[in-house]
Every structure is written in C-alpha cells, then in structure tokens.
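Biologist: Please take a close look at a single part of this model. Pick one element and stay with it before you turn to the rest.

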Amino acid sequence: MNRTILLVGTAMGMLAIVLGAFAAHGLEKLVDAQAIDTFETGVKYQMYHALFLLFLGIWDGLPSKPKKIVFTLVLLGVVLFSFSIYLLALNSLTSFDFKIIGFLTPIGGVLMILGWAVLAYKILKTKKKG
C-alpha cells in the first residue's frame, strides 16, 4: 500500500508541476487572468495533496486500513476538486459547457477535508507508547 501511495503522490506532484508550468507559460494567450488564477488554485491543491500523500506513504504510524481510507479520500478529492477546476478554467476554449460539472468541485473539497479529518481522528485515537 505504501508503495502505491508514494507512486500516486509522486505522479500527482509531477503532474502539478507540468500543469503549473502550462498555466504560467501557455494559458495567458488563451484565457483571461481570472481563469489562470482559477487553474492555479487547482494546481496548488493538487501539489499540497501530493506532498500529503508522500508523507502518508512514508509514515508508519497509521495502520493499513485507515491509511487506505485516507489515501482514497484524498485521491478522489483531488481528482474531483482540481480536475473540475481545470476544466472550468478552460471552459471558454471548448463548445462543451463544463459549468455543469461545477458541483464536483465542492464534493472534491469535502473529500479532501475528510481525508485530513480521518487522519487527525486516527492520530488522536492512537495511544501513546512509552
């Protein structure tokens, strides 16, 4: 499980850098400044959670089952939150109206929050050793 979490965290981080570079160097001629800011918000949250997954993957203080739950919540949260933001920011470039998927953004945010909350709960419930 840890290897999977580390690989996903690494891939998410790498993709965040690629998308951030795209936002910084490729979008200014395609969309307005507000859309770029929106896109960069998705990149930031993706990178924050890539780092979170790297921490989760190397930390041995959490049993496998809750670690898998936290991983799943964070991964689904990032996919729904960040990727819906990317599509919404690029909405003006396509004939498809991505505003119809706008409801996915807050769902993704809630899933990321739940990932953090489950981790916090499990830390609080862990008995101190020594």
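Modeller: Exposed means over 50% relative accessible area, buried under 20%, and partly exposed in between, with a 1.4 Å probe and protein chains only. This is a predicted model: local features need pLDDT of at least 70, side-chain atom pairs count only at pLDDT 80 or more, and totals for chains, interfaces and linings use all residues. Residues are numbered from 1 along each chain as its sequence is written, and side-chain values use heavy atoms, without hydrogens or water.

Helix α4 covers residues 104–125. Helices are DSSP runs of H or I, at least four residues, and strands are runs of E, at least two, numbered from the N terminus. At 1.5 Å times one less than its number of residues, the 22 residues of α4 should span 32 Å; the end C-alpha atoms are 31 Å apart, which agrees.

Now the buried side. T105, G108, G109, L111, M112, G115 and L119 are the buried residues of α4. They fall within an arc of 165° seen down the axis, so they line one face of the helix. The arc is taken from the directions from the helix axis to the C-beta atoms. These buried residues pack against α2 (33–58) and α3 (64–89), contact meaning heavy atoms within 4.5 Å.

As for the setting, the protein has four helices and zero strands. Of its 130 residues, 35% count as buried. Among contacts between residues at least 6 apart in sequence, 74% join residues at least 24 apart.
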